[in-house]
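Keep the sequence and the 3D view open as you read.

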Amino acid sequence: WSIIACPKPVAPVDEVGDGEARRRVFWHAADAFADVRGVARPSGLVLDLGHPRYSRALYVHMEAILAADGESAASDEDVLVRVLRHERSFWKKAMSALKLPAAQLSERPTRYLDEAMAAFTLLGGVGNRASAMAIHGAVMISPSTADRADAHLDVLRVLYGGLKEEDSLWIRPLEPDVLGEQLVEEVLSEDPGVLDRVMEIATAS
């Protein structure tokens with residue numbers, strides 16, 4: 001996810017040990033994310049890393065993201081909900097950094113970005129701007145001007161553009177998979193019709 005592009009990369013591993021080994025993985029990640037945030041190393045945390053979910057490095061790393069902001073999660077779902085909320089904060093920062101004209105800003109920008117990113121995630125990403133515009137227009141139930149659609153795609157391109165020149169995806173799906181699934185679940189809970197509209201796009205392509 002977007003925060004992973006940090007000056008102290010967190011090594012991707014599938015599983016971590018327990019006890020001291022797990023704490024080392026957590027603190028290495030927490031320090032890296034605190035550096036990205038420009039905040040002090042987390043302190044005063046009361047965190048039980050003995051829970052079975054923390055046998056997966058992914059959950060240790062996501063908990064470290066929360067720790068960098070002085071938060072902790074109570075369940076598997078709570079981890080995902082909170083990390084997704086952090087992800088959305090990057091959307092807002094990217095939108096602000098692009099200095100978009102007022103006419104290009106939607107009243108509920110994260111709702112538009114939610115729906116667009118959920119569609120791209122369901123489709124496994126999108127290969128070019130023209131396809132992204134077509135998908136954006138087909139999925140959005142709320143009216144959106146072409147200028148606003150451009151703005152939404154610019155934000156998502158900044159955060160989720162192909163990581164390498166040879167990458168065939170113009171915008172990648174939200175990763176890791178469990179976070180993308182959480183986004184899709186939240187979007188569908190507000191607008192179940194998104195799935196039907198995405199399926200129409202998939203079958204037509």
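Proline 176 sits in the loop between α6 and α7, the latter covering residues 177–190. The peptide bond that leads from glutamate 175 into proline 176 is cis, with omega near 0°. Please bear in mind that this is a predicted model, and that holds for everything below.

Now for the chain as a whole. The chain has 205 residues, and 45% of them count as buried. Among contacts with a sequence separation of 6 or more, 63% are between residues 24 or more positions apart.

**How helices pack**

Two packed helices are described by the angle between their axes and the distance between the axes.

Take α5 and α6 to begin with. On the α5 side, the contact is made by Arg129, Ala132, Met133 and His136, while α6 brings Ala146, Ala149, Asp150, His152, Leu153 and Asp154. Sorted by class, this contact has five nonpolar, two polar and three charged residues.

What does the contact of α5 with α8 look like by class? Helix α5 supplies Ile135, Ala138 and Val139, and α8 supplies Val194, Arg197, Val198 and Ile201. These residues divide into six nonpolar, no polar and one charged.

**An aromatic pair**

A pair of aromatic rings is described by the distance of the centres and the angle of the planes. The structure holds one such pair. It is formed by phenylalanine 26 and tryptophan 27, whose ring centres are 5.1 Å apart; their planes stand at 80°, so the pair is edge-to-face. Are these two residues buried or exposed? Phenylalanine 26 has a relative accessible area of 2%, which makes it buried. Tryptophan 27, with a relative accessible area of 25%, is partly exposed.

Alanine 40 belongs to the loop between α1 (19–37) and α2 (57–68). Its relative accessibility is 62%, and because exposed means over 50%, alanine 40 counts as exposed. In sequence, alanine 40 is 28 residues away from alanine 68, yet their C-alpha atoms are 8.0 Å apart in space.

Threonine 110 is part of helix α4 (residues 109–122). With a relative accessible area of 22%, threonine 110 is partly exposed. Which residues does threonine 110 touch, not counting those up to four places away in sequence? They are Trp91 and Lys92. Arginine 88 is a further residue to look at from here: arginine 88 and threonine 110 are 22 residues apart in sequence, with 7.0 Å from C-alpha to C-alpha.

Note on methods. Residues are numbered from 1 along each chain as its sequence is written. This is a predicted model: local features need pLDDT of at least 70, side-chain atom pairs count only at pLDDT 80 or more; totals for chains, interfaces and linings use all residues. Side-chain values use heavy atoms; hydrogens and water are left out. Contact means heavy atoms within 4.5 Å. Helices (H or I, at least four residues) and strands (E, at least two) are DSSP runs, numbered from the N terminus. Ala, Val, Leu, Ile, Met, Phe, Trp, Tyr, Cys and Pro count as nonpolar, Asp, Glu, Lys and Arg as charged, and the others, Gly among them, as polar. Buried means under 20% relative accessible area, exposed over 50%, partly exposed in between (1.4 Å probe, protein chains only). Rings of Phe, Tyr and Trp (its six-membered ring) pair if their centres lie within 6.5 Å; planes under 30 degrees apart count as stacked, over 60 as edge-to-face and the rest as tilted.
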